[in-house]
Amino acid sequence: MAELHYRFLNVDYIQVVLDAWRTQGCFNTIWSSMGYNFVGVQAQFPAEVAVGCQLKVGILIANKGWAAPINYRSAQLVLHHVSTKTEYVSALAGADLRRWLPGQQQKLQFSMTLPTNAPLGNYQVLLLLPDGDSQLRNRPEYNIVISNMIYSDSPGRRLNLVGSFNAVP
């Protein structure tokens, strides 16, 4: 199934086969390996950034699933001020999640300047993986959520929490 990049399992398929997989203890592995399964491996960025200065964020993502996404998707970095809810967004040029193949790791390198008038204080660093279709791009239910990076402060937005930093003068 991994070699054929299986994306979907019909749970109404031949029950004898599915029951055998359950008995053998491999059903959960098969089920969780269908399609893509992105996992955050590592992130690097400074603990403090002065307003008006450049913020560099490195994120390492692994695809533990058996396939890559089918539709075009981009990757965006969102800086979310915890108190004021001010947000700054930067798209990663050239990112195409259809190329995030199984068994591979992707190193994302974001660089953006924190505006000089940005509020000081704590920012959450979030990763947004929206659908590429113009009709679905702004619908959060189509965003990819990375299982170990779920942003619980706003579950309806379906963002991925990378970490946080402080903006200083």
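Strands E1 (38-44) and E3 (residues 54-63) run antiparallel and are joined by six bridges; strands are DSSP runs of E, at least two residues long, numbered from the N terminus, and two of them pair if DSSP finds at least two bridges between them. The model is predicted, so that local features need pLDDT of at least 70 and side-chain atom pairs count only at pLDDT 80 or more, while totals for chains, interfaces and linings use all residues. Residues are numbered from 1 along each chain as its sequence is written, and side-chain values use heavy atoms, with hydrogens and water left out. Gln42 has Leu60 of E3 as its bridge partner.

The two strands belong to an open, antiparallel sheet of three strands in the order E1-E3-E6. E1 and E6 (105-113) each have a single partner strand and stand at the edges, so one side of each lacks a neighbour in the sheet.

Five aromatic pairs were counted, a pair being rings of Phe, Tyr or Trp (its six-membered ring) with centres within 6.5 Å, classed as stacked with planes under 30 degrees apart, edge-to-face over 60 and tilted for the rest. Tyr36 and Phe38 are stacked because their ring centres lie 5.1 Å apart with planes at 20°. Tyr36 is partly exposed at 33% relative accessibility, whereas Phe38 is buried at 3% (buried, under 20% relative accessible area; exposed, over 50%; partly exposed, in between; 1.4 Å probe, protein chains only). Ring pairs link both residues and Trp100 into a cluster.

Technical notes: Helices (H or I, at least four residues) and strands (E, at least two) are DSSP runs, numbered from the N terminus.
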